[in-house]
Amino acid sequence: MEAIRKQASKLREQVARQQQAVMKQFGGGYGADGAFADEAEAQQHSKLEKLYISTRAAKHFQRDIVRGVEGYIVTGSKQVEIGNKLCEDGKKYGAENTCTSGSTLSKAALCFAKARSLMEKERGNLLKALGTQVAEPLRAMVMGAPLEDARHLAQRYDRMRQEAEAQAIEVSKRQMKLRETSGNGDMISRLEAAESKLQELKSNMGVLGKEAVASMTAVEAQQQRLTLQRLIAMVESERSYHQRVLQILDQLEREMVSERQRIEGAPPPAVESSMPPPPSYEEINGVFMRNPTVAELVETVEFFLAEAIQSYRAESETELNLAAGDYIVVRKVSNNGWAEGERRGKAGWFPYDYIEKRDRVLASKVAQVF
C-alpha cells in the first residue's frame, strides 16, 4: 500500500508540473527553471505568438473591408436602378413636350436625364472597380493557402513544444529517481534514451520554429502590403468617380443656368388673344350705317380720361401703343372688348381691359395727353 501511495503522489506531482508548463506556455514562454527553454527559444516563441496575433487581426480587418465593400455594392446597385428610372422619366417628359408656353422645361428635363445617365454609368463603373480591385483580392487572401499554411506550421510548432515539455518532465523524473537510488544499468540506459529523445525534439522544434516564424513573417508583410494597396485603390476609385460626377454636374448647371438667363432676359411671350380685331375706321365712319352688325359693335360715349394699367404693343396701323402709366382720351368703346382713343396726337384702338377710368387727374398728367 505504501508503494501505491508513493506512486500516486509522484503522478500528482507530474500532472501539476505539466499543468504549470501549459500555463507558462500560454503566458508567453517558460521560466528559467524550464528544462529546455533557453533564451533564443523563448524569443522565438514570443515572436511567433505576436505574429499569430498580428496576422489574425489583419485577417479580420480584411474580412471587414470585404463585407463593407459588398454592402456598398448592394446599396449602390439599388441607387443605380433608382437613378436610371429617374433618367427614363426625364427623357419621357422631355420627348413628349406637352407644354403650350414653350419648351424650356422639356429641354432642361432632357439635359438632366442625359447627365443623370452619365452619373449612373460612372457609379456602375465605381461599383465594378470596388468589386474587382478591392473585394476580390482581399477575399482571396483571407481564404488563401499562404495564411493557412503558416498557421498550420505555428500549430505544429506548438504541439511539438508541448511534446518537448512533456519529455523534459520525463527526463527530470528519471534523473530524480536515479539520484534517490544507487541506480542500475537499465535505469541509466532509459535516462539516456529519454535525454536523446529530448535533444531530438529540441532540434526539430528549433527548425520548425524558424520555419513557422519565417512563414508567418512573410504572410504578415503580404497582408500589410496588399491591404494598404487595396485601400489606396478604393480611395482612388472613389476620388475619380466624384471628380467625373462633379464635371457632369458643372456642365449640367451651366446649361440650365444659361437657359434660365435666356428666358429671364427675353421679352415676355406674346399671349394669344381670343379678342376679335378692332373695327376699322371706315366701318365706324360710314359703313356701319348700312351694316347693322357693325353698328351694334360700337357704342359712342362721352369722352373721358383713362390710365393704362399695363403696356400694349400695337399689331396694326389702326391700333395705339400704350405704356403702363400713360393717360389717354377715350372716345369710343366697342362691345367686343376694344376702345378707341387719342394720346399725344395719335389715335387708335387698344384693349379696353388695359385701361382704367380716372375721374381726377393731376394737371401735369393731363399735359402729357395732348
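This is a predicted model: local features need pLDDT of at least 70, side-chain atom pairs count only at pLDDT 80 or more; totals for chains, interfaces and linings use all residues.
**Salt bridges**

The model contains 13 salt bridges.

| Pair | N to O distance | Sequence separation |
|---|---|---|
| D89 and K85 | 3.0 Å | four residues, within helix α2 |
| R116 and E120 | 2.9 Å | four residues, within helix α3 |
| E122 and R244 | 2.5 Å | 122 residues, helix α3 to helix α5 |

D89 and K85 both belong to helix α2, which covers residues 39–96. Because the two are four residues apart in that helix, about one helical turn separates them. D89 has a relative accessibility of 36%, so this residue counts as partly exposed.

The pair R116 and E120 has a like arrangement in helix α3, residues 104–142: the two residues are four apart, so about one helical turn lies between them. E120 has a relative accessible area of 3% and is therefore buried. R116 and E120 also belong to a network of salt bridges that includes R123.

The salt bridge between the side chains of E122 and R244 has an N to O distance of 2.5 Å. This pair joins distant parts of the chain, with E122 in helix α3 and R244 in helix α5, residues 185–265. The two partners fall into separate burial classes under a limit of 20% relative accessible area for buried residues. E122, at 15% relative accessibility, is buried, whereas R244, with a relative accessible area of 33%, is partly exposed.

**Aromatic pairs and a charge over a ring**

Two aromatic pairs are present in the structure. In one of them, the ring centres of Y312 and W338 are 6.4 Å apart and the planes stand at 75°, so the geometry is edge-to-face. An angle over 60 degrees places a pair in that class. Y312 and W338 are both buried.

Y312 also pairs with Y354, again edge-to-face, at 5.5 Å centre to centre and with 85° between the planes. Y354 lies in the loop between β4 (346–351) and β5 (355–357), and this pair is 42 residues apart, linking distant parts of the chain. The relative accessible area of Y312 is 11%, so this residue is buried. Y354 has a value of 22% and is therefore partly exposed. Through these ring pairs, Y312, W338 and Y354 form a cluster.

A charged side chain is also placed against a ring: K357 lies over the face of F304, 5.2 Å from the ring centre.

**Individual positions in the helices**

Q167 is located in helix α4, residues 145–180. With a relative accessible area of 11%, Q167 is buried. When neighbours within four places in sequence are left aside, the residues in contact with Q167 are A194, K197, L198 and L201.

K210 is located in helix α5. The relative accessible area of K210 is 59%, so this residue is exposed. The C-alpha atoms of K210 and Y157 are separated by 9.5 Å, and the two residues are 53 apart along the chain.

**Nonpolar cores**

In soluble globular proteins, nonpolar side chains tend to be buried together. The largest nonpolar core in this model has 17 residues. Within it, the residues with the most contacts are I65, V69, L130, V134, L138 and M234. Helices α2, α3 and α5 each give two or more residues to this core. The largest share, eight residues, comes from α3.

I65 illustrates the contacts made by a member of this core. Leaving aside neighbours within four places in sequence, I65 is in contact with V134, L138, T227 and L231. V134 and L138 are themselves among the core residues with the most contacts.

Methods:
Residues are numbered from 1 along each chain as its sequence is written. Side-chain values use heavy atoms; hydrogens and water are left out. Buried means under 20% relative accessible area, exposed over 50%, partly exposed in between (1.4 Å probe, protein chains only). Rings of Phe, Tyr and Trp (its six-membered ring) pair if their centres lie within 6.5 Å; planes under 30 degrees apart count as stacked, over 60 as edge-to-face and the rest as tilted. A charge sits over a ring if NZ of Lys or CZ of Arg is within 6 Å of the ring centre and within 35 degrees of the ring normal. Contact means heavy atoms within 4.5 Å. A nonpolar core is a set of buried Ala, Val, Leu, Ile, Met, Phe, Trp, Tyr and Cys residues joined through side-chain atoms within 4.5 Å.
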